[in-house]
Number of protein chains: 6
Amino acid sequence: MRYDGRKNEELRPVKITTGYIKYPEGSVLIECGNTKVICNATVEDRVPPFLKDTGRGWITAEYNMLPRATQTRTPRDIQKLKLNGRSAEIQRLIGRALRSVADLDNLGERTITIDCDVIQADGGTRCASITGGFCALALALKGLMDQGVYKKIPLRSHVAAVSVGIVGGEAMSDLCYVEDSGGEVDFNFIMDGSGNIIELQGTGEERPFSKKELDSMYELAKNSIDQLIALQKDAIGDIVR
Amino acid sequence: MRYDGRKNEELRPVKITTGYIKYPEGSVLIECGNTKVICNATVEDRVPPFLKDTGRGWITAEYNMLPRATQTRTPRDIQKLKLNGRSAEIQRLIGRALRSVADLDNLGERTITIDCDVIQADGGTRCASITGGFCALALALKGLMDQGVYKKIPLRSHVAAVSVGIVGGEAMSDLCYVEDSGGEVDFNFIMDGSGNIIELQGTGEERPFSKKELDSMYELAKNSIDQLIALQKDAIGDIVR
Amino acid sequence: MRYDGRKNEELRPVKITTGYIKYPEGSVLIECGNTKVICNATVEDRVPPFLKDTGRGWITAEYNMLPRATQTRTPRDIQKLKLNGRSAEIQRLIGRALRSVADLDNLGERTITIDCDVIQADGGTRCASITGGFCALALALKGLMDQGVYKKIPLRSHVAAVSVGIVGGEAMSDLCYVEDSGGEVDFNFIMDGSGNIIELQGTGEERPFSKKELDSMYELAKNSIDQLIALQKDAIGDIVR
Amino acid sequence: MRYDGRKNEELRPVKITTGYIKYPEGSVLIECGNTKVICNATVEDRVPPFLKDTGRGWITAEYNMLPRATQTRTPRDIQKLKLNGRSAEIQRLIGRALRSVADLDNLGERTITIDCDVIQADGGTRCASITGGFCALALALKGLMDQGVYKKIPLRSHVAAVSVGIVGGEAMSDLCYVEDSGGEVDFNFIMDGSGNIIELQGTGEERPFSKKELDSMYELAKNSIDQLIALQKDAIGDIVR
Amino acid sequence: MRYDGRKNEELRPVKITTGYIKYPEGSVLIECGNTKVICNATVEDRVPPFLKDTGRGWITAEYNMLPRATQTRTPRDIQKLKLNGRSAEIQRLIGRALRSVADLDNLGERTITIDCDVIQADGGTRCASITGGFCALALALKGLMDQGVYKKIPLRSHVAAVSVGIVGGEAMSDLCYVEDSGGEVDFNFIMDGSGNIIELQGTGEERPFSKKELDSMYELAKNSIDQLIALQKDAIGDIVR
Amino acid sequence: MRYDGRKNEELRPVKITTGYIKYPEGSVLIECGNTKVICNATVEDRVPPFLKDTGRGWITAEYNMLPRATQTRTPRDIQKLKLNGRSAEIQRLIGRALRSVADLDNLGERTITIDCDVIQADGGTRCASITGGFCALALALKGLMDQGVYKKIPLRSHVAAVSVGIVGGEAMSDLCYVEDSGGEVDFNFIMDGSGNIIELQGTGEERPFSKKELDSMYELAKNSIDQLIALQKDAIGDIVR
């Protein structure tokens, strides 16, 4: 049995609160167990230089943790004048994941920025940011559709993410911090609703792992992502077709 | 009548949720109308160089707004590699206010950092940070007292803050964003529970103001601070004597 | 009697040398006792983005101390790649004070930058910067008027500043460094020539202070500001009407 | 047939020149087709703070491209005062890969830094950095062993990396720049000599990909890594047992 | 006899490899003994603001050392967020030297950037950068001439540089690192092919030096520069007339 | 005749005011015509890491210009988060020049920092900084000698600097800004009192120059330096023997 009593394939309780902050064009608070991330989507009528006058749009993300999202306090990036390497890596990942399901050609010349601010971290913050960030993005795009900007929401499918790992020799889904830091292998699966993979990152933290182990982690992930996408639909409605 | 129907001397609804984030030694979410600030207190066993080996402690604060705490998105400081001038000013103010009621001589060689992260801003964020930050500080010190570190909590009194201003020719308490940005004079009063002033900042945004106007703003502030300190006591108990 | 023999209401000797540096459009050296600040005004035909094409102008200030303006050497900001928090706060204050008496609508689309460089610091440097900075600003605007740019100088009144504090239980005006660092309460009053307040900042460094103490400091400040404005007029002439 | 005439499973010509730079403790130039990376290993008798007095060592990597390693010039990071996000991500990956095969417990309290400087880039620079960086690391450790510091080289196995992707619907190994930028799916496999995976990163650049496609890319990668490890042994000898 | 057996007036073996990196418009590897510098020229169709719409062009240089170009590892500039003072000085020198022989009026509105990346340093890296950088520049300009952009190459003459010093009381040419660091006087001469001086920098590292010593160093330098220019012509052809 | 009526070999009026700022251990204002530089020496009981526990001391310099020392305003370095390349180069030069005449072995484990802040610039600011900086240094060392720290002042000789150039075909000493910017050749000579050279920097701004021109500039410089050293002795006394 797992640290918190879950079965190996069981997700922590997920709660997606929409309209969490009142100003952003899309806003959700996503809670996966004790991990809590505010995901805010901002729509701006400008694009990065390489897209100027192409008629295409852009989606980007920023990821940050409050200093006391964690057990010990992490100094703010501005203190060292350096964006934390881990944050830089994660926000690039979130941006890629969200762009992969968006129809950038039909977005119009606008940029949508998804701010993922972790207020409490208990493992899986990058996955929660993707799952929640998708909802914030979809809500912002729905708002534009409701204003008549789009006839059809420019999203091809849902996207969600889950961490899967091997802990004490067993494959487990949705690792909490204790499991993650004690695990042997650590994966992040980002998938759409058809069991196809959008991005995959896996590290043998403690030891190399076999192809067979990869296969079993894939099965767990596929099942978890299906559940997460169902939860997204409960929260924001069935707006992506 | 005011923008949101309040009387001139009336505070917005205030809600102080303690234990909001699970890891910090003290944590509250303070909501003053639509202004929402997470205040987290961190205790660390180190002091700044100038206090090394003096037996004295230190209290400091950091203030930040999420990019979409506001109507339009503000880029993060790390983007420009510069701490926002306004944030720098505010966090120095919060630190001074909290130190003014603390007994640093009896704090022990430790630093308490109060992180004030504004997740939604509708005016009065620096005042909410001080009022909420005091609660986070008091809870962290109570935790140390409960562990037997102190016999008596090293705080001399409560401290709270309120913005007061002159809008449309009338003095009003606890300005929301619309009132603040349209007002003629804008004050922040930081006071203790006896009507004494700890810090005072006032600007004639649109015009100079008279001594008489200052006097009437003081009266409003004094009354509001009394209410805020009562609300602090409701939230954290009567732990400062 | 005070540290340097002055009476409580007495200013230190003030000397304002106009045309101190030859290149700026307005330049003064202001000496308040041992505090010496070079104030240079630069006129540039550009405005910040938010004023573009509005026909309005802007006034801003920068404040800096030479490394050995003080008893011990302070490393330059560029060493740490961070603008000193105190400098950031002071230069925002100077800018607000000068803008408050300027008629920005009739300034034309230009920016006037007031550089306040403290070459020797003995308390009250921010107040000296405002009092001297006003002279540099007025001289630069007079230069533009003499060139026919303005019919009337775009200034509504003089502005000057003084530090007032409570030291050893007594209210005193124009604190020198020794008084300031040993004082209980420390105020900066920024006022126009009619006894109206433009900005007010006060801190109970050692203890909270009462409304009555605030009232007595106001009286001292009002009197000192009247003298400072008279000295400004002696130095730059009676050009603001 | 591929862009440069190779078969889908065929590596570009690989050349590993040892002792390329004379000062580092280990130095190789690795050339994979037109991709050229200088990998230098530096041994220093200090460890990061979290390893102080633990007796354990550390391995870290830095990755950089010369401005004209690419078709168009990329400004140096110092120009923007920011470490490029892509470089930050890659150097974290290289560090993890090399640490995964090292016996840090028996390294002694020293840090080995692997500098990977890309002088010419034609796709697969991060993989070349790992494959070449391993050689530089092994040579530096062999040097220490030759000096009598170790009885046995503190490496558990070889590590090498290859990019594999789906281009025009076909899985291909060791993508050059043209293939990489036009491909649908892009993977980096980091493996040891037994077909076990150390790290895996895959992105559906143009579309999601299926589990079956992942399986076929794994097969290609496994085969390529075997060849790369054989080439490593040719270059540095059979020093890891 | 010198450290490496050379005569006082003797250069180390010089090797200039053209077309070293395949992407830049001009590229050479210059080797002066153990000093090795990659010099890449990039042509871009933009000029600095002060040259906009003047029809004139610009030449600039950047200089950097790989961390292990030297005996001990030097952290990268980005680590400290500061361009190394020595590098800043050297790249300004290289830029001035190359501009001094170029006909900027006839360059067209384009900027040519010469990147000098030292991969191995054994003294004289700034001189090698100038001598090699000239070749990269000339090759890039020849490329433009071959495309029909110029009728005549916009260069007035060759430029080369050599370090000359006084070591153990004797004037010597082309100091290697050991000689340089143990020397009494250290000069860099930058000259054209007619014995005229373009720039001169000399420092009495250990003691002041006399005019007579300066004269004897000039003679050595003149002779060495003649040889270096002959070697440049061997490498890139006789394209400057 | 020259721009300001001087003869070719004639210095501008030089004024050295000692004790200009009251806090530094040594302080002078040096005025060379319209060029004005405040030179402050600070003594601190610490040395850079490479001198720790060697018993030796260090001398370093910092150079900066006030934003309006020049005809147009130059933004402060902190604005761009970069130390100006020109300043970096100049302060390294000042430091080398002053160290060259100091007896660092007998300085004791202390660092003397010479801050050169240009308040008005009309050409020759680096030379004025060296000539004035030497006086500030000597005064600080004399102060230490008077306190009994030294028996003999740890300086081997005076050092002064002058700019010499070729303008309109004629060699001239002590160029003012107009001459400097219109000149063909620009030299800085740093010399001791015996006509020996400490450092030499010369650039053919507009054209290469001949050895004969270098010789004639040396003669002018030697003569000017003699005068400057006499002026130093008038100002600070004959304390270096």
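Trainee: What is the strand order in the sheet of chain B?

Mentor: In this predicted model, chain B has an open sheet of five strands in the order β1-β2-β3-β5-β4, and the pairing is mixed.

Trainee: Why is one side of β1 and of β4 in chain B left without a neighbour in the sheet?

Mentor: β1 (14–18) and β4 (58–65) of chain B stand at the edges, and each has a single partner strand, so one side of each has no neighbour in the sheet. From one strand to the next, the twist averages 15°.

Trainee: How do you know that β4(B) pairs with β5 of chain B?

Mentor: Two strands pair if there are at least two bridges between them. Eight bridges join β4(B) to β5 (residues 111–120) of chain B, so they count as a pair. The two strands run parallel, and B:T60 stands opposite B:T113 in β5(B).

Trainee: Which strands do the helices touch in chain B?

Mentor: Helix α2 (residues 85–100) of chain B packs on the sheet and touches β4 and β5 of chain B, with its direction at about 145° to that of β4(B). Helix α3 (residues 125–146) of chain B also packs on the sheet, touching β1, β2 (26–32), β3 (35–44), β4 and β5 of chain B. The direction of α3(B) makes about 35° with that of β3(B).

Trainee: Let's turn to chain D. What makes β3 and β5 of chain D a pair?

Mentor: Here too, at least two bridges are needed. Nine bridges join β3 (residues 35–44) to β5 (residues 111–120) of chain D, so these strands pair, and they run antiparallel. D:C39 stands opposite D:C116 in β5(D). The open sheet of chain D has five strands in the order β1-β2-β3-β5-β4, with mixed pairing.

Trainee: How do you know how chain B and chain A are related?

Mentor: A rotation of 180° with 0.0 Å of shift along its axis superposes chain B on chain A, with an RMSD of 0.0 Å. The two copies are thus related as by a two-fold rotation axis. As for where they meet, 100% of the interface residues of chain B are also interface residues in chain A, so the copies meet through the same surface.

Trainee: How far apart are the nearest C-alpha atoms of chain B and chain E?

Mentor: They are 10 Å apart, and the two chains do not touch. Chain C and chain D have no contact either; their closest C-alpha atoms lie 11 Å apart.

Trainee: What lines the second largest pocket?

Mentor: The lining includes A:W58, A:T60 and A:E62, along with B:R73, B:P75 and B:Q79. β4 (58–65) and β5 (111–120) of chain A are the elements that give two or more residues. The largest share, three residues, comes from β4(A). The pocket holds about 370 Å³ of space.

Trainee: How many nonpolar, polar and charged residues line the second largest pocket?

Mentor: There are four nonpolar, four polar and four charged residues in that lining.

Notes
Residues are numbered from 1 along each chain as its sequence is written. Chains are lettered from A and ligands numbered from 1 in the order in which they are written. This is a predicted model: local features need pLDDT of at least 70, side-chain atom pairs count only at pLDDT 80 or more; totals for chains, interfaces and linings use all residues. Side-chain values use heavy atoms; hydrogens and water are left out. Copies are superposed by least squares on the C-alpha atoms of residues with pLDDT of at least 70 in both. Contact means heavy atoms within 4.5 Å. On a 1 Å grid over the protein atoms alone, a cavity is a set of points where a 1.4 Å probe fits but cannot get out, and a pocket is an open set with protein on both sides within 12 Å along at least five of seven lines; lining residues have an atom within 4 Å of a point. Grid points are joined across faces, edges and corners, and a volume is the space filled by probe spheres set on the points. Helices (H or I, at least four residues) and strands (E, at least two) are DSSP runs, numbered from the N terminus. Ala, Val, Leu, Ile, Met, Phe, Trp, Tyr, Cys and Pro count as nonpolar, Asp, Glu, Lys and Arg as charged, and the others, Gly among them, as polar. Axes are lines fitted to C-alpha atoms, for helices over the stretch in contact, and angles run from 0 to 180 degrees between N-to-C directions.
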